[in-house]
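Me: Please take a close look at the charged side chains in this model. I would like to know which of them pair, and how exposed the partners are.

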Amino acid sequence: MPLFKKRAVGKPGEWYYCLEHKKVEEGPECPAKDRFGPYASRKEAEQAMATARERNVEWENDPKWHDAPAGGREDD
């Protein structure tokens, strides 16, 4: 039996979206590697995947973040 039990860090009132179980949790219940958050409310956590999709689209279309094409140079 281990001396110390690994515990997810968080506290009541913080909301997370668990990527592993695809559910909202308060606390959190799952390891940090498997979750988004913390969010201020349950509703924000419920929208975590939509928020991530929106941010990904913004990032993918942001001209400041486009890398030079493979094997070539980017025009100035």
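Reply: A salt bridge here is a side-chain nitrogen of Lys or Arg within 4 Å of a carboxyl oxygen of Asp or Glu. The model is predicted, and by this criterion the structure holds 3 salt bridges.

One of them joins Lys-23 to Glu-29, with 3.1 Å between the closest N and O atoms. Lys-23 counts as partly exposed, because its relative accessibility is 34%. Glu-29 has a relative accessibility of 51% and therefore counts as exposed; the cut-off for that class is over 50%.

Another salt bridge links Asp-34 with Lys-33, at 3.4 Å from N to O. Asp-34 has a relative accessible area of 15%, so this residue is buried. Lys-33, in contrast, is exposed, with a relative accessible area of 69%.

Arg-42 and Glu-46 also meet through their side chains in a salt bridge, again with an N to O distance of 3.4 Å. Both residues lie in helix α1, which covers residues 42–46, and they are 4 residues apart, about one turn of the helix. Arg-42 counts as partly exposed at 41% relative accessibility. Glu-46 is likewise partly exposed, its relative accessibility being 44%.

A charged side chain is also found over an aromatic ring: Arg-35 lies over the face of Tyr-16, at 4.6 Å from the ring centre. As for pairs between aromatic rings, the count is 0, with ring centres required to lie within 6.5 Å.

How values were computed. Residues numbered from 1 in each chain as written. Predicted model: local features only at pLDDT ≥ 70, side-chain atom pairs only at ≥ 80, totals over all residues. Heavy atoms only, no water. Phe/Tyr/Trp six-rings, centres within 6.5 Å; stacked < 30°, edge-to-face > 60°. Lys NZ or Arg CZ within 6 Å of the ring centre and 35° of its normal. Buried < 20%, exposed > 50% of the residue type's maximum accessible area, 1.4 Å probe, protein only. Helix = DSSP H or I, 4+ residues; strand = E, 2+ residues; numbered from the N terminus.
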